[in-house]
Amino acid sequence: MKNQLPAAAPTTEQAAQSELEGLRHEIDSIDEQIVHLLSQRFEKVHKVIALKQVHRMPVYHPAREENLISQRREQARRAGLDPDHIEELYRCIIRQSRVRQTVHVTRTGVRPGAKVLIVGGAGKMGSYFRHWFTESGYEVRILEVNDWPKVKELCAGIALAFVSVPIHLAAEICTQLGPHLPPDCILADITSIKQTPLNAMLAAHAGPVVGLHPLFGPTTSSMDKQVVVASPGRNPEACQWLTDQFTTWGNIVLSIQAQEHDEIMAVVQGVRHFATFAFGQFLYRRNIDLPRTLEFSSPIYRLELGMVGRFFAQDPLLYANILLASPERRVVLKEFLDSVAENRALLESCDTERFCAEYHKIAEWFGPFCEQSLRESSYLIDKLVERF
């Protein structure tokens with residue numbers, strides 16, 4: 001019988017490969033456990049959903065979420081992990097949990113079975129809210145231009161008249177609608193200007209009145225943490241169920257007087273949208289090669305240009321109504337143009353010292369918000385780099 005040769009000793013590379021496979025198997029096992037734990041976590045979330053539905057509790061609990069994040073960051077430090085990475089991971093988990101809750105709570109109505117009339121319900125925002133009210137168990141009726149002959153019938157027994165029409169039509173529509181409403185019916189509008197339509201609603205209807213402004217559009221997939229401004233008009237106690245419904249859907253409801261709302265929105269919406277329009281107009285008139293600029297762009301430029309493109313991808317009449325909504329808003333926009341025009345002298349003089357002095361003055365005025373903005377924009381840039 002021939003002697004058998006001893007098995008060749010594994011090479012260093014083979015040994016490393018074998019060890020690598022073993023480690024990968026252990027990692028796969030840990031990943032399976034993580035998924036299993038996430039599944040267990042969701043089972044607990046489902047119980048939370050059921051409890052909140054029974055007691056009509058809000059989905060969003062900011063203090064609870066921030067405490068959880070702080071605890072996990074501290075745990076990460078003790079474990080030698082990057083707290084920022086753990087925070088990002090848990091914010092993703094929490095948001096998914098909150099969205100799941102919102103999807104379920106959507107079907108919960110504060111006053112299920114109540115009749116809701118949406119004026120302009122065939123429009124984009126009207127259709128959006130038609131879906132949410134319907135899913136929550138309300139009986140939804142629609143009033144469009146051709147339906148006015150049967151307005152009395154449509155208004156019979158309604159608990160809410162929800163006006164979703166262009167800004168320039170809101171006051172007139174509310175005036176026409178008012179005489180047909182039941183005395184205890186809430187009259188509400190959702191325009192981005194509050195003083196004029198609110199005054200019209202108060203004059204047209206003796207019952208509960210509230211002005212609303214959802215700070216989001218009809219493409220929003222979830223109400224989660226979306227802001228709705230509520231400007232009180234009359235009998236806020238009778239309007240409470242409506243604001244509670246928004247809270248139940250996951251919205252953050254901010255109560256603010258109509259005048260202050262319009263003053264803030266003149267900057268938040270008016271100036272910001274007008275500056276975006278002007279920048280897009282400048283690019284168009286210069287016939288800038290957009291794809292070519294993106295080849296040399298930083299992530300922040302791509303983000304800024306993306307916001308301009310987003311602006312021009314939507315309804316021009318919507319933005320025309322927002323920008324030209326009131327004499328007060330047009331005054332603010334003219335002030336903005338005057339402010340920009342003042343910088344012509346700075347360009348002509350090429351005065352670096354003057355520019356830096358103005359820069360430092362403005363930066364000091366912004367204060368801590370500069371650092372906050374730097375952190376938030378850096379986060380967005382990182383996400384954009386990951387995406388593209």
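**Exercise 1. Determine which residues K194 is in contact with, leaving aside its neighbours within four places in sequence.**

Solution. With contact taken as heavy atoms within 4.5 Å, K194 is in contact with D189, G211, L212, H213, S231, A258, H261 and D262 once neighbours within four places in sequence are left aside. The model is a predicted one, in which local features need pLDDT of at least 70 and side-chain atom pairs count only at pLDDT 80 or more, while totals for chains, interfaces and linings use all residues. Residues are numbered from 1 along each chain as its sequence is written, and side-chain values use heavy atoms, with hydrogens and water left out.

Next, locate the residue: K194 sits in the loop between β4 and α7 (195–204). Helices (H or I, at least four residues) and strands (E, at least two) are DSSP runs numbered from the N terminus. Finally, K194 has a relative accessible area of 0% and is therefore buried; buried means under 20% relative accessible area, exposed over 50% and partly exposed in between, with a 1.4 Å probe and protein chains only.

**Exercise 2. State whether H205 is buried or exposed, and where H205 lies.**

Solution. H205 belongs to the loop between α7 and β5. Its relative accessible area is 3%, so H205 is buried. Neighbours within four places in sequence aside, the contacts of H205 are G178, L181, P182, P183, C185, L187 and R234.

**Exercise 3. Identify the residues of the largest nonpolar core that touch the most other members.**

Solution. A nonpolar core is a set of buried Ala, Val, Leu, Ile, Met, Phe, Trp, Tyr and Cys residues joined through side-chain atoms within 4.5 Å. The largest such core has 29 residues, of which F129, F133, L160, F162, L212 and L242 touch the most other members. At least two residues each are supplied by β1 (115–119), α4 (124–135), β2 (139–143), β3 (160–163), β4 (186–189), β5 (209–214), β6 (227–234) and α8 (236–248). The largest share, five residues, comes from α4.

Turning to one member, F133 is in contact with V116, I118, Y138, V140, L160, F162, L242 and W249, leaving aside its neighbours within four places in sequence. Apart from this core lies another, of 21 residues, among them L117, A161, I173 and C185.

**Exercise 4. Characterise the packing of α9 (residues 258–285) against α12 (residues 316–323).**

Solution. Axes are lines fitted to C-alpha atoms, for helices over the stretch in contact, and angles run from 0 to 180 degrees between N-to-C directions. The two axes come within 9 Å and cross at roughly 125°. α9 is therefore oblique to α12, since angles under 35 degrees count as roughly parallel, over 145 as roughly antiparallel, 65 to 115 as roughly perpendicular and the rest as oblique. The contact is formed by Q269, G270, H273 and F274 of α9 with Y319, I322 and L323 of α12.

**Exercise 5. Characterise the packing of α9 against α11 (residues 299–312).**

Solution. The axes of α9 and α11 are 10 Å apart and the angle is about 95°, so α9 is roughly perpendicular to α11. From α9, the contact involves H273, T276, F277, F279, G280, Q281 and L283; from α11, it involves L305, M307, V308, F311 and F312.

**Exercise 6. Characterise the packing of α9 against α13 (residues 327–341).**

Solution. These axes come within 9 Å and cross at roughly 50°, so α9 and α13 are oblique to each other. In α9, D262, M265, A266, Q269, G270, V271, F274 and A275 meet R329, V332, L333, F336 and L337 of α13.
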